[in-house]
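Okay, everyone, thanks for coming.

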Amino acid sequence: AQPNPEAGAAVKAADRAHVFHSWSAQELIDPLAVAGAEGAYFWDYEGRRYLDFTSGLVFTNVGYQHPKVVAAIQEQAGRMTTFAPAFAVEARSEAARLIAERTPGDLDKVFFTNGGADAVEHAVRMARLHTGRPKVLSAYRSYHGGTQQAVNLTGDPRRWASDSGTAGVVHFWAPFLYRSRFYAQTEEQECARALEHLETTIAFEGPSTIAAIILETIPGTAGIMPPPPGYLAGVRELCDTYGIVFVLDEVMAGFGRTGTWFAADLYDVVPDLMTFAKGVNSGYVPLGGVAISGAIAETFAKRPYPGGLTYSGHPLACAAAVATINAMAEEGIVENAARIGASVVGPALHELAQRHPSVGEVRGVGMFWALELVRNRETREPLVPYNATGEAGAPMAAFAAAAKADGLWPFVNMNRTHVVPACNVSEAELKEGLAALDSALSAADEFVDR
Ligand code: PLP
């Protein structure tokens, strides 16, 4: 596309005058005006193109403007743009069928929502009604969404300003060996001690008061921390022992991101409820949902489920989901994420870690990777303090600016950068992005203790 700075300036001016942005001090942000996007790239009105290592907010799993998904949305819009949720509608039925076909175990019924947070809200409501118990256990270092219950469950600082303290939420520590809360030296120790800690938490909270334990299968925004082998199976066992509903939040990790349809597949674990959103239709139209086990579906077989929403299973969103899932299957996109995650991204990031003293740890799988940046590899002091704002965040800002100057749009959260491009990114695109990442890490290295 031709550069068109005047059009970009008008877009930006209206944005600055009228758009109130998420999670931001409105006068301290400077949103880029985006002119277009395709595949793994987007570009601005000045003609600068960026390789997107963020997939938006980790949702464009099939890249931008996938022709099959765009065509399906256009076709659905021409045929039946919308319809109320109480009816059986082809796009909705087919999306539910394709999802249920892929979800693990007997998660065969799907309740559709508009996104991830409301999926979490409904999963918790289902668990409370199913068990008749009030509390929910969730992990520190987690993100479950911005609505009231979901943000209370969240274990990162986005919770603080909205924490009601009365939402029946108890936080615990999930395993994370690099910053172990359990003085562990090995994954085995971390796993065993994290499970012991969780069981003690259950005992002291009172098992008969706990409706659900919710975990991201692989925590995403909080740092992409694949759990040690055996942890999720151990949580499953605790849930079975104490009659607690096990909820896995796959809003970010699901639909191909980890090189499997769901991250749960990597660990051979079956939850009672599973939340999804984002990758289900690559975020082309807002959609989320809860996949529901047979036992929980049975609770609401004769008794009404007291919850719903106007756009539950919106036909446009569901048509996008059908096309996305079919494209992923036809084009081997999940397999692509697994293959080049293991053969290109993992080895390249480990190689960068050897050369860049700012890289403390590399973690991930598929198209779901994090680099933990530190000031000091021995002490593991984060490159910026936890939840740094303003000047304190300067090192990560310098890293991000260097990446952008090189045509790479990086994902930055606290002291981490995540490598989360589209799951159908090519090897050549990845290599271009990894080269830009290499030079941007040199900017981060400047802040390392010497
Ligand atoms: N759960 C997880 C694991 C997420 O990563 C997110 C969003 O990033 C959410 C829930 C909330 O989803 P949404 O922003 O669609 O409400």
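Let's start with the ligand. The residues of its shell split into seven nonpolar, eight polar and two charged. Here Ala, Val, Leu, Ile, Met, Phe, Trp, Tyr, Cys and Pro count as nonpolar, Asp, Glu, Lys and Arg as charged, and the others, Gly among them, as polar.

Before I go on, this is a predicted model: local features need pLDDT of at least 70, side-chain atom pairs count only at pLDDT 80 or more, and totals for chains, interfaces and linings use all residues. Residues are numbered from 1 along each chain as its sequence is written.

So which residues come nearest to the ligand? Of the 17 around it, those are Gly115, Gly116, Ala117, Gly145 and Val251. A residue is near if its C-beta atom, placed from the backbone, lies within 6 Å of the molecule. Helix α5, residues 116-131, gives the largest share of the shell, with three residues.

Now zoom out. The chain has 14 helices and 16 strands; these are DSSP runs numbered from the N terminus, H or I of at least four residues for helices, E of at least two for strands. Its radius of gyration is 22 Å, close to the 22 Å that the globule rule gives for 450 residues, so the chain is as compact as a globular protein of that length. That radius is taken over C-alpha atoms, and the rule is 2.2 Å times the number of residues to the power 0.38. Along its principal axes, the C-alpha trace spans about 60 × 60 × 45 Å.

On to helix pairs. Helix α7 (residues 187-205) packs on helix α8 (residues 231-242) at about 20°, with the axes 10 Å apart. Axes are lines fitted to C-alpha atoms, for helices over the stretch in contact, and angles run from 0 to 180 degrees between N-to-C directions. So α7 and α8 are roughly parallel; the cut-offs are under 35 degrees for roughly parallel, over 145 for roughly antiparallel, 65 to 115 for roughly perpendicular, and oblique for the rest. Among the residues making the contact are Leu195 and Leu198 of α7 and Val235 and Leu238 of α8, where contact means C-beta atoms, placed from the backbone, within 7 Å. By class, that contact has nine nonpolar, one polar and one charged residues.

Next, helix α13 (residues 394-405) and helix α14 (residues 427-445): their axes come within 8 Å and cross at roughly 150°. Parallel or antiparallel? Roughly antiparallel. The contact includes Phe399 of α13 and Leu437 of α14, and its classes are ten nonpolar, one polar and no charged residues.

Last pair: helix α3 (residues 67-79) and helix α11 (residues 315-330) pack at about 150°, axes 8 Å apart. That makes α3 roughly antiparallel to α11. Lys68 and Ile73 of α3 are among the contact residues, as is Leu316 of α11. This contact divides into eleven nonpolar, two polar and one charged.

Definitions and conventions. Contact = placed C-beta atoms within 7 Å.
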